Amino acid sequence: MNLSTFAFTPSKYWVFPVAFAGLPWVIWRFMGIQQRLRELFLTGGRSKEEEERERAQEERVRELEESVKETAEENRKLKEEIAQLRASHQKVVDESTTLSQSLKREREDKSAMQQSLRREEDEKGRVLSQNQRLTGELGGLRRQLESKDVDLKNIRNEFQHSQTKHDELTTLLEARSRELKGAQVYLTKADTLSGAEVIALVDAVNVEILQSAAFIADSFDFARQPAHADEIVEASGRISELMGSTLTHLLSTVVHSDDALLVQLALQGAIVEFSRWIIMTWDFDGLQAEQPLAEIYNDIRETETQAVGGRWRALTRAHAQKVALQEGDLHATMVAHISDTLVIILVAAGCTKSYEEAYRIFTQKFGERISNIVKMASRLNKAMGEEVTSADLWPVNTTSGNVFDRANMDDFEGNGEDSEGQAVLCTIALGLQRSEKIVRGDVVDFKTTTLLKPKVALESVADGLNRDGV
């Protein structure tokens, strides 16, 4: 019998439905066979053919029973696989849900961390900005404190000087009153300036010299160049007599590119020396009578009263200068001479410009300043030589190489006692002295008083400065 007729053929892809569709027929067929066997047993006789048929049917039944068992087993296995697949699927779904939730939490954590990082960066920027502002304010406060300390020190010094000057001016006033009473017959006019006013004029010219020298030194670059070697040697030779061998040597060996302090001091020293000459000159060397006039006046001071000597000095200076040179020519000549010397100092110090270039720049930028200094020094020449006759006033400086004496000079660095015994490099600010003739019976004496001490730079100022080749 063809089993496919009864739909018992196992299907590869649809095992479970086919197996269950043929199961009722198999049971019915099996019951019919049992009924047939009972009938044959009861009748007691079977043919051979029937027996063979029955055996075949029994064999077929056994096969069908085994097929049913196999189908049932396959169905059971399929159910187990389906259950496993469902469980695996549920596990995958659960894992996917867990992963999704974990990913969401990680994204939220990452977003929170990014926001926190941005807040920290903003806070860091704000703190850095505040720190920079506070650092700037602290630097400003420190500079203000240093400035206040310097001002306080200056005020204390000025107060001490003022006390001394007050006593000296009081003595001067008393002496002047006595002299005027005894010399009224010889004078056509009294002093037009007091000692304090002359001191103020000297202080003013010293300040202008300091500011001009600092401005000049800061306006040029310094780096010794082989192309300018001959000019440097020639310039050093020209300023040696004016500046002294020590300062000339330092100018040509110290490296000024980082710190031009030594150049500034040299410029101050040169301007101070020129200013002192302008203040003291009788005729600006126009009449070539400087030495004879000075000797004549010294003789008059010895033999005549201060009133007579002072009046002679005032008249002689006024007329000698008037005859010697015209005022305009005199001024232009002095400005040109001072400018030339200052440019030579710059060249000797290793200025990167040639002499011609440096002189052109110098006259353009600083000609007016030098002209102003000449005017101020000329004003002092008139003040000390013509407008004060009750005493002799003259500017004071200190020669290079002299030993420092704080009783007669000031160290510009303010070292005081520590500077004692050191050598003077140059004078950077003029002092002022007053000489008064004192007559006691037949005894004639001259009382000299320092109204303003000169300010000097010491050779030790160059200690620690870099030198060429060092």
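Strand 3, spanning residues 424–429, is mostly tucked away: 6 of its 6 residues come out as buried. This and everything that follows is read from a predicted model. The partner of strand 3 is strand 6 (residues 455–458), and the two run antiparallel, paired over 4 bridges. Two of the residue pairings can be picked out by eye. Thr427 is bridged to Val456 of strand 6, while Ala429 has Lys455 of strand 6 as its bridge partner.

Turning to the helices, helix 6 covers residues 261–280, 20 residues in total. From the first C-alpha to the last, helix 6 reaches 28 Å, close to the 28 Å expected at 1.5 Å a residue. Of its 20 residues, 15 are buried, so helix 6 is largely enclosed by the rest of the structure.

What does the Thr248 side chain reach at 2.7 Å? That would be the backbone oxygen of Gly244. Leaving aside residues up to four places away in sequence, Thr248 also touches Ser236, Ile239, Ser240 and Met243.

Methods: Residues are numbered from 1 along each chain as its sequence is written. This is a predicted model: local features need pLDDT of at least 70, side-chain atom pairs count only at pLDDT 80 or more; totals for chains, interfaces and linings use all residues. Side-chain values use heavy atoms; hydrogens and water are left out. Buried means under 20% relative accessible area, exposed over 50%, partly exposed in between (1.4 Å probe, protein chains only). Two strands pair if DSSP finds at least two bridges between them. The expected span of a helix is 1.5 Å times one less than its number of residues. A polar contact is a pair of N or O atoms within 3.5 Å; within protein, one must be able to donate a hydrogen and the other to accept it, and residues adjacent in sequence count only if both atoms are side-chain atoms. Contact means heavy atoms within 4.5 Å.
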